[in-house]
Amino acid sequence: MTDTTLPFADLERTYERLAETLDALPEAQERLFLAQLALALAHRVGDLERVMAAIEEARQGVEETSA
Amino acid sequence: MRPAGRAETDSLYFDYPHFPFVRPAELEGGPTRHRVAIVGAGPVGVTAALELARHGVDSVVLDDKDTVNDGSRAICISRHSLEILQQLGVDGPFVEKGLGWTRGRTYFRDREIYRFEMPHTQQERFLPMYNLQQQYIEKFLIDKAAESERIELRWRSAVTGVRQEEDGVTLEVATPEGDYRLECDYLLAADGARSMVRKALGLALHGEAYEGRYVIADIRMHSDFPTERRAFFHSAALPDSTILVHKQPDDIWRIDYQLSPDEDPEAAVEEGNIRDRVGQIVREVLGERDDWELEWWSLYKAYTLALDDYRHGRVLFIGDSAHLVPIFGVRGLNNGLADAANAGWKLAWVLKEQASERLLDSYTPERRGATLDVFANAGKSTRFMTPPSRGYRLMRDAALSLALHNDYASGFANPRQVTPYTYAESPLTLADEAGFNAGPMPGAPLFNRRLSEDGFLLDYLGSGFTLLHFSHDGSIDPALAECLNALQAAGQRIDVLTVARQPGSDNTLADRNGNLFAAYGADPGSAYLIRPDRHVAARWKRPEPGDLEAALATALGGN
């Protein structure tokens with residue numbers, strides 16, 4: 001399984017596209033959209049361990065910055 | 001703006017100079033014509049005057065004020081700008097008074113999530129950034145200009161009209177002792193964001209305005225916190241506001257805070273509201289306990305605006321008159337100084353008839369190119385600092401949350417500070433030669449290397465073009481030497497700076513361990529042609545006969 005990650009410049013493009021896509025959605029659809037996106041990306045990662053690590057990363061970020 | 005009861009120039013720490021009005025020759029009826037007139041005695045205008053003087057060209061600088069800027073405004077001076085100031089012989093007071101720094105911290109929800117360190121090594125003479133209030137920046141430059149016989153500073157002289165003709169420019173100037181006409185060969189418009197020259201020529205800036213306004217406020221406060229850039233996102237005290245904090249000399253702290261979209265900017269800048277908000281930031285965000293005093297404040301909105309062309313015949317626009325950029329990344333003043341250096345040397349070469357007027361055609365592509373590069377970065381950093389919408393705000397907060405533990409996301413919190421622009425696409429720049437695996441490419445600025453305890457490569461540049469020549473023992477190939485002699489005999493100002501592994505004479509820079517050779521990807525015989533503004537025009541592993549002459553002709557705008 002590959003450990004490839006996205007170059008930062010591409011991560012920035014992702015950031016911008018996501019921001020614009022979110023803006024075009026009704027706010028009430030935000031959560032559903034993001035949850036679908038997480039599943040769609042997990043499907044493409046093809047490695048359960050990496051997906052679980054990403055879930056844990058995001059959970060930690062929420063927990064530690066919203067205290 | 002200043003607190004009630006204090007005049008615009010009534011500062012807690014800075015004694016404003018008052019420059020006298022001196023009757024100019026024009027009012028005495030004498031016929032006068034100037035080579036170069038510069039409108040605006042701000043940092044960009046005076047830097048241009050100093051650059052012209054360095055090349056032996058006289059100029060007259062006009063300003064409607066009789067003192068320096070009312071507030072600290074542009075406070076960050078980059079290493080590249082210090083290198084410009086060094087060439088003008090005025091870096092000393094900037095380094096002595098300014099606060100150098102390399103570090104910054106980003107906080108999200110009152111937790112430090114990221115520290116950045118700007119690139120700095122022992123190879124550099126100057127730190128990546130110095131904080132210094134604009135009043136000092138202007139004063140140091142004006143003091144230097146006042147020493148020069150080639151610069152005439154005219155205070156309380158308001159330009160009210162501009163007329164351009166085939167062979168020159170005529171200004172209408174209003175003074176306390178009457179109006180007069182000033183004639184010059186070329187005009188540099190350094191009269192800022194609300195440029196009178198720009199309006200007189202019927203020109204407009206084009207671009208966009210960003211959401212989000214900032215208050216920028218200076219306070220005097222004693223604090224032991226080091227000189228670093230601090231950015232606070234989503235603090236508990238002001239969750240809707242991004243806050244930036246910089247230390248300045250004389251115990252002055254700059255606090256920039258974002259206004260929320262529904263806030264009335266006019267109410268926000270009332271003194272009572274400034275005091276409330278700044279007080280809250282000092283106590284609750286910075287955690288400072290000491291008393292503080294309010295010094296000065298202003299309102300700021302981010303723009304990316306530029307003229308379509310920075311040159312109109314005999315008028316060249318430099319600094320804010322040509323472009324307005326967002327403050328994030330400190331590019332306003334630093335790009336203005338680079339404009340001044342660029343326009344200055346080119347104008348000098350044309351006026352001294354060492355280049356044709358075509359050299360000036362390269363001013364817009366080089367400096368507007370730099371502005372457009374700034375815009376590309378500034379858009380990103382402005383959307384990060386002041387998210388314009390719900391989507392951008394959510395993404396910003398997501399990136400900051402992840403950045404707490406994950407380096408891959410911390411790049412988003414990087415302030416994307418100013419970096420010098422490479423004139424790779426310029427008509428003055430030759431295509432790079434194959435074979436170099438290190439060193440600045442053509443169009444890029446020369447980078448510094450330490451040569452001794454207090455000696456650096458850039459210290460040794462000439463004031464005109466420099467041929468940086470790499471050699472084993474300091475000797476120059478006879479064909480190259482002959483070419484140099486011919487160019488110098490033809491009146492070209494080109495100095496040779498030889499770097500040698502085993503120097504045979506005192507006129508060469510010793511590089512016994514080969515560090516400089518390696519940094520510049522050079523072998524014995526390699527050479528770099530350097531422009532007066534330290535940008536590389538061309539480089540060769542081993543120049544062939546005729547290469548140098550051709551590159552110099554290109555770097556001077558073509559034959």
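How are helix 8 of chain B and helix 9 of chain B oriented to each other? In this predicted model, the two helices pack at an angle of about 170 degrees; since angles over 145 degrees count as roughly antiparallel, helix 8 of chain B and helix 9 of chain B are therefore roughly antiparallel to each other.

**Helix 8 and helix 9 of chain B**
- Helix 8 of chain B covers residues 332–351 and helix 9 of chain B covers residues 363–385, and their axes lie 10 Å apart.
- From helix 8 of chain B, the residues that take part are N335(B), A338(B), D339(B), N342(B), A343(B) and K346(B), and they meet Y363(B), E366(B), R367(B), A370(B), T371(B) and V374(B) of helix 9 of chain B.
- Sorted by class, this contact between helix 8 of chain B and helix 9 of chain B holds five nonpolar, three polar and four charged residues.

**The eight-stranded sheet of chain B**
- Eight strands of chain B form an open sheet with mixed pairing, and their order is 6-5-13-14-15-12-16-19.
- Strand 6 (111–117) and strand 19 (323–324) of chain B are the edge strands, and each has a single partner strand, so one side of each is left without a neighbour in the sheet.
- Helix 10 (residues 390–403) of chain B lies across strand 5, strand 6 and strand 13 (229–233) of chain B, and runs at about 80 degrees to strand 6 of chain B.

**Domains of chain B**
- The domain assignment divides out domain 1 (25–97 + 132–206 + 307–363) and domain 2 (450–555) of chain B, and the C-alpha centres of these domains are 31 Å apart.
- Eight residues from domain 1 of chain B and eight residues from domain 2 of chain B make up the contact.
- On the side of domain 1 of chain B that touches domain 2 of chain B, helix 2 (79–87) and helix 8 of chain B each supply at least two residues, and the largest share, three residues, comes from helix 8 of chain B.
- That side of domain 1 of chain B has two nonpolar, four polar and two charged residues.

**Contact between chain A and chain B**
- Chain A gives 17 residues to this contact and chain B gives 19 residues.
- Helix 1 (8–24) and helix 3 (48–65) of chain A each supply at least two residues of the side of chain A that touches chain B, and helix 1 of chain A gives the most, with eight residues.
- The residues on that side of chain A divide into six nonpolar, five polar and six charged.

**Surroundings of G557(B)**
- G557(B) lies in the segment after helix 14 (547–555) of chain B, and it counts as partly exposed, with 19 C-beta neighbours inside 10 Å.
- Apart from neighbours within four places in sequence, G557(B) is in contact with A355(B), S356(B), R358(B), L359(B), D361(B), S362(B) and L428(B).
- The C-alpha atom of G557(B) is separated by 9.6 Å from that of T429(B), although these residues are 128 residues apart along the chain.

How values were computed: Residues are numbered from 1 along each chain as its sequence is written. Chains are lettered from A and ligands numbered from 1 in the order in which they are written. This is a predicted model: local features need pLDDT of at least 70, side-chain atom pairs count only at pLDDT 80 or more; totals for chains, interfaces and linings use all residues. Axes are lines fitted to C-alpha atoms, for helices over the stretch in contact, and angles run from 0 to 180 degrees between N-to-C directions. Helices (H or I, at least four residues) and strands (E, at least two) are DSSP runs, numbered from the N terminus. Angles under 35 degrees count as roughly parallel, over 145 as roughly antiparallel, 65 to 115 as roughly perpendicular and the rest as oblique. Two residues are in contact if their C-beta atoms, placed from the backbone, lie within 7 Å. Ala, Val, Leu, Ile, Met, Phe, Trp, Tyr, Cys and Pro count as nonpolar, Asp, Glu, Lys and Arg as charged, and the others, Gly among them, as polar. Two strands pair if DSSP finds at least two bridges between them. Domain bounds come from an automatic or database domain assignment. A residue is buried if 20 or more other C-beta atoms lie within 10 Å of its own, exposed if 12 or fewer, and partly exposed in between; C-beta atoms are placed from the backbone.
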